[in-house]
Amino acid sequence: MSFRAYLRNHPDEKGYYGEYGGVFLPPELEEAFTEITQAYQTICHSAQFINELRRIRREFQGRPTPVYHCERLSKKLGGAQIYLKREDLNHSGAHKLNHCMGEALLAKYMGKKKIIAETGAGQHGVALATAAAFFGLECEIHMGEVDIAKQAPNVTRMKILGAKVIPVSTGLKALKEAVDSAFESYAKSYKDSIYCIGSALGPHPFPLMVRDFQMVIGQESREQFLEMTGLLPDAICACVGGGSNAIGMFIPFLNDPVDIYGVEPLGRGEKIGDHAATMSYGSKGTLHGFVSQVLMNEDGSPAPVYSVASGLDYPSVGPEHAYLRDVGRIHYTSATDEEAVDAFFKLSRYEGIIPALESSHAVAFAMRYAKEKKTGAILVNLSGRGDKDVDYVVEHYGYGDNYMKF
Ligand SMILES: *Cc1c(COP(=O)(O)O)cnc(C)c1O
């Protein structure tokens, strides 16, 4: 199937990728989601919308972000060459702004005044608050009280950017309750507001919209890598939490002779509650309004998840990932906390780039790959920068002197 034909047929008109995806919503939200689907399907084809988004990416976000050859690190490993797509240099320090600017621009075209979302670690909240400030939209971020206490710097950033942070005090006071609270607020106010999801998941059309907005990563890096080396990479990889940076990186390479690897967090190990490696340990289920692979307890409820990288600890994954795994196009693998921290320090010391702990999982896999394959090249999507993680890392792992051996 050609690349265009793949995009045309995935998802199908009901929002399915094979047996995954779809829309499972309480009746009070159905009308709101239908409105978003219809608006997106017209607006995303308008030349005006496309050109405005292009201009924003260039002038505000600082795109295109570069592709960089890690010569020193590759030499140390002695095998395949490692290249990075530098999404850490995207404005606000990670890939999340790519879809937040798209979602907020859609809100503007739909005539909405307010954007609503939940956030866990606070990264999505900060990116969305940035987009809201750019467009002059109101921004309402729902966040569990436990997360508010843990992620104080991100809460401060959101407030400086003018967002209203709504503390959620029900249940475990964390991400799941924040999702419920955001949906409740949206159901009451969808006439003049829009809900903005934080990854390539949720009910249709969100997995589609977020993929489309994030595809700029793969499109740019494919072109840049070809220009740099005259070839395509042998392999590409990205970390997978919900799957937005990965799907954006992967889709433009789908029809190329390139091996594709999604890297999930194996945390402290294989026991349930110690990781968030959905593709390795999950099964088919429905969570938060869509069908995908889900990490479940024996009774079928969503399992507790853990990773040193808080942006990766979600007990499911975007539906398109589950589909592309089942059809055999994308391989899913994992990296532990310890491997991610090792990659965090090595990339810092050998290349002068402090990566986000999430992105460090992808770097850890690339280092494994480079050691195994004697030749060739692997292109890693470096989804974000590690400034947000340095205090935690130093407290728990020191300054990295023990991590310099290869
Ligand atoms: C949020 C986040 C992720 C995980 O989200 P995806 O939707 O899986 O991309 C990865 N890296 C960084 C830097 C993040 O902030």
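Predicted model: local features only at pLDDT ≥ 70, side-chain atom pairs only at ≥ 80, totals over all residues.

Visitor: Let us begin with one residue. Where is the place of glutamate 87?

Guide: Elements are named from DSSP runs, numbered from the N terminus: helices are H or I with at least four residues, strands are E with at least two. Glutamate 87 belongs to the loop between β4 (81-86) and α5 (96-109).

Visitor: Is glutamate 87 buried or exposed?

Guide: Buried means under 20% relative accessible area, exposed over 50%, and partly exposed in between, with a 1.4 Å probe and protein chains only. Glutamate 87 has a relative accessible area of 0%, so it is buried.

Visitor: Which side chains have a polar contact with the side chain of glutamate 87?

Guide: A polar contact is a pair of N or O atoms within 3.5 Å; within protein, one must be able to donate a hydrogen and the other to accept it, and residues adjacent in sequence count only if both atoms are side-chain atoms. The side chain of glutamate 87 has such a contact with that of arginine 63 at 2.7 Å, and another with that of asparagine 98 at 3.1 Å. Contact in general means heavy atoms within 4.5 Å. Leaving aside neighbours within four places in sequence, the residues in contact with glutamate 87 include Thr65, His95, Ile217 and Asn381.

Visitor: Which phi does serine 92 have?

Guide: Serine 92 is not a glycine, yet its phi is positive, at about 75°. This serine lies in the loop between β4 and α5. Serine 92 has a relative accessible area of 30% and is therefore partly exposed. Lysine 173, also not a glycine, has a positive phi of about 55°; its place is the loop between β7 (164-168) and α9 (175-189).

Visitor: How are two packed helices described?

Guide: They are described by the angle between their axes and the distance between the axes. Axes are lines fitted to C-alpha atoms, for helices over the stretch in contact, and angles run from 0 to 180 degrees between N-to-C directions. For α5 and helix α6 (residues 123-135), the axes come within 9 Å and cross at roughly 45°.

Visitor: What name is given to such an angle?

Guide: Angles under 35 degrees count as roughly parallel, over 145 as roughly antiparallel, 65 to 115 as roughly perpendicular, and the rest as oblique. The helices α5 and α6 are therefore oblique to each other. The residues of their contact comprise ten nonpolar, four polar and three charged. Here Ala, Val, Leu, Ile, Met, Phe, Trp, Tyr, Cys and Pro count as nonpolar, Asp, Glu, Lys and Arg as charged, and the others, Gly among them, as polar.

Visitor: At what angle do α15 and α17 pack?

Guide: Helix α15 (residues 337-351) and helix α17 (residues 390-397) pack at about 110°, with axes 12 Å apart. α15 is therefore roughly perpendicular to α17. Asp337, Glu338, Val341, Phe344 and Phe345 of α15 make the contact with Val390, Val393 and Tyr397 of α17. By class, this contact has six nonpolar, no polar and two charged residues.

Visitor: Which residues meet where α2 packs with α10?

Guide: The axes of α2 and α10 are 11 Å apart, at an angle of about 35°. Phe33, Ile36 and Tyr40 in α2 meet Phe206, Leu208, Met209, Asp212 and Phe213 in α10. Seven residues of this contact are nonpolar, none is polar and one is charged.

Notes. Residues numbered from 1 in each chain as written. Heavy atoms only, no water.
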